[in-house]
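Please look over the sequence and structure shown here, then go through the points by topic.

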Amino acid sequence: MRIFVSSLFHEGNSFSRLRTGAGSFAITRGEDLLEKAAGSRSSLGGACRALTRLDCQILPGLSAVSPPGGPVENGLFAQLCDEIVAGVRATRPDGVYLDLHGAMITESLDDPEGALIAAIREVAGPETPIAVSLDLHAYVTPAMLDGADLVLACKDNPHTDYDIAGERAATLLVEACQRRIAPVTAAIWLPLIFGAQMETARGPLASLHARRREILAAHPSLLDISICNCTTLVDVPAGDQCITAIADGDASSARSAVEELARMLWQLRDDFVPDFAPLDTVLADIAAGRLPRPAVLGDQGDRVLAGAAGDGTVIMAEIARHWPGLKAVVPVTDPAAVRAAQRVGIGGVFEAAVGGGLSKGVTPFRAEWTVAGLGDGRFIHDGPYLQNEPATLGDTAVIRAGNLTVLATSLPGFTQDPAAFRSQGIDLGAQDLVVAKSGYHFKISFGPIGPCVVVDTPGIANYRPGLLPFTKRRPVYPEDRIPDPRFAAEIFPPRRRSTAA
C-alpha cells in the first residue's frame, strides 16, 4: 500500500504584529524527511513508524514546522500547499496522511488547513482516504471534517503523545484503505475561550478526559474521541472548543459521545480560572532556597508557544533590579540586539535597550551588555516534545549584564527545550534560574533539570476576559454572556462502504 505523507505545522496568533515567513520554518523533504521521522516524537514520526510496521510504502512529501506566531505569509502558504498537492497528484497514492497543527492562519485565510485538505481531496479523488492528526489546541472546522475521512488530535497537554496520535491516525488510514472500516464522525462546537487550567492531567480537563476514556472503553464501535481546546490567540469565525468522535459506521454512538462530553465541558466552563504563581513569590523562594536551583520559570504572558513574540522584559527587569544575587538566563526576541552584538563581536561591549520592539505595552530593558557568544540559532529538539525535530531561533547572541544572561534571538523560537540554550553555548547548570517562553511543554523537557513553575506575567498570552480585541470570534464565553448552546452534533458520514478486504 502506497501512502503519501506530509507535515505542515504552525499555530497562529491573530494579534501579532509579526508575519511568519520561510525563515521560521524548518523544512525537510524526501529521504531527509524519512530519516528525521525515524527518530521523531512528532505525529509524523509516529505515523511513519506505524506505516513501516504495516508494510506500507511511504511516499514522502515535505515537512514544514514552525514555532507559533503571527499569520503565515500568503505566498509562503501557497507555495507549501502547492508542493504538497503536487506531490499527491504526481504519486497517486492509495492514501494520504497529514500532520497538521490545526490552528494555522495566514494573512488572508482563517482556515488554510481546511483549504489544504480540500485541495488534496480535489486531486486525490473521492475514493482516496485522507487521515489528519492535529494538536489538541487546533481550531477544527467543518471544512477539515468534510475533506478528510479521519481527523483526530493528540490527547495530552503538555503534548507527550504526538507520536501516538500519528500512529493511531496512520493505522486507521490503512484500515480505511483496506475497506475494513467506514469512518463516520460526529462533531460538536462550544463557544468557549479559556487560557488557564489547560493541562489534561489536572483540573477540569482531567475529569473530562477520564470520562472520554470511559466512553471509548464502553463502545467498541468508537475509533477515537478528541477534545480540541481551540488556542486562545486566533480570532476566527466560530473559534470554538470542538469535540469529535469517530465510529466505524455507527453515527449514533459517535453522536451520543460528543453530546455527553459537550454538556460536561459546558458545565465546567467557570472552572478554567488562572492559578499561576506570582513572580515575586517565586523569586523569593529561589533566593531563600525553598525552590532548588536551577528553577525553571514559564513566562505565561509572553509564551512563544502560544504565539506571542517572546520580547517581554518583565522577568529580566525584576531579576536585574531586585535580585542581584540570582544568576538567570532569559530568552528574548530582539533582532536589533543580535545585530548590535554581531557588530562588536565576542568580548565586545555595547549599550542598548533589549526587548519590547515587537509587542505593544512592553518596556525595553536597558543595560550595558558584554557579548559572550554568537550563533546561527539552529538546534535539534531533544526533549519529549518534538524530539528529533530541527528548529531555528534565527541568528543569536548570548549577552550578559551583571547577574543576567540573555539569549537574544532573531526569531521567536522554541525555548521550551533545553537544547535551545545548550546549542548556543549556555550552561544551564550554572544558573539559579532559567526562563522558558512556554507555559506547559517546558515542564516535560526541563523537569529533569529543576523545578518548573509557571509565573503570572502580563502579556498577550496570559488570557483574561477583555484582554484581546476579538471580532470574528464573537459571541463567545466568557467574553460575552450567552445562553446555553444547543447540544446537537453534526454528522460527517462515511465516504465509502465498509467491506472486508
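UniProt, in an unreviewed entry, lists residues 298-471 as "domain: Microcystin LR degradation protein MlrC C-terminal"; its positions are given in the numbering used here, feature names are shortened, and annotations may be inferred rather than shown by experiment. The model is predicted: local features need pLDDT of at least 70, side-chain atom pairs count only at pLDDT 80 or more, and totals for chains, interfaces and linings use all residues. Residues are numbered from 1 along each chain as its sequence is written, and side-chain values use heavy atoms, with hydrogens and water left out.

**Annotated spans**

- Residues 298-471 are 17% helix and 29% strand, where helices (H or I, at least four residues) and strands (E, at least two) are DSSP runs numbered from the N terminus.
- The end C-alpha atoms of residues 298-471 are 29 Å apart.
- A UniProt annotation from the unreviewed entry, "domain: Microcystin LR degradation protein MlrC N-terminal", covers residues 2-285.
- Residues 2-285 are 39% helix and 21% strand, with 56 Å between the end C-alpha atoms.

**Domain division**

- The protein is divided into domain 1 (2-272 + 486-492) and domain 2 (277-456), with bounds that come from an automatic or database domain assignment.
- Between the C-alpha centres of domain 1 and domain 2 there are 31 Å.
- Contact (heavy atoms within 4.5 Å) links 30 residues of domain 1 with 28 residues of domain 2.

**Helix packing**

- Two packed helices are described by the angle between their axes and the distance between the axes.
- Helix α3 (residues 74-91) packs with helix α4 (residues 112-124) at an angle of about 25°, and their axes are 9 Å apart; axes are lines fitted to C-alpha atoms, for helices over the stretch in contact, and angles run from 0 to 180 degrees between N-to-C directions.
- That angle makes α3 roughly parallel to α4; angles under 35 degrees count as roughly parallel, over 145 as roughly antiparallel, 65 to 115 as roughly perpendicular and the rest as oblique.
- On the α3 side the contact is made by F77, C81, I84, V85, V88 and R89, and on the α4 side by P112, L116, A119, I120, V123 and A124.
- By class, the contact of α3 with α4 has 11 nonpolar, no polar and 1 charged residues; Ala, Val, Leu, Ile, Met, Phe, Trp, Tyr, Cys and Pro count as nonpolar, Asp, Glu, Lys and Arg as charged, and the others, Gly among them, as polar.
- Helix α1 (residues 30-38) and helix α2 (residues 43-53) cross at roughly 95°, and their axes come within 8 Å.
- The two helices α1 and α2 are therefore roughly perpendicular to each other.
- L33, K36, A37 and A38 of α1 meet L44, G45, C48 and R49 of α2, a contact with 5 nonpolar, 1 polar and 2 charged residues.

**Loop residues and backbone geometry**

- Most residues other than glycine have a negative phi, and most peptide bonds are trans.
- R179, which is not a glycine, has a positive phi of about 60° and is found in the loop between α6 and β7 (183-190).
- N157 and P158 are joined by a cis peptide bond with omega about 5°, and P158 is in the loop between β6 (150-153) and α6 (162-177).
- From Y477 to P478 the peptide bond is cis, with omega near 10°; P478 lies in the loop between β19 (452-455) and β20 (490-492).
- S221 lies in the loop between α7 (204-218) and β8 (222-228).
- Apart from its neighbours within four places in sequence, S221 is in contact with I246, A247, D248, D250 and S253.
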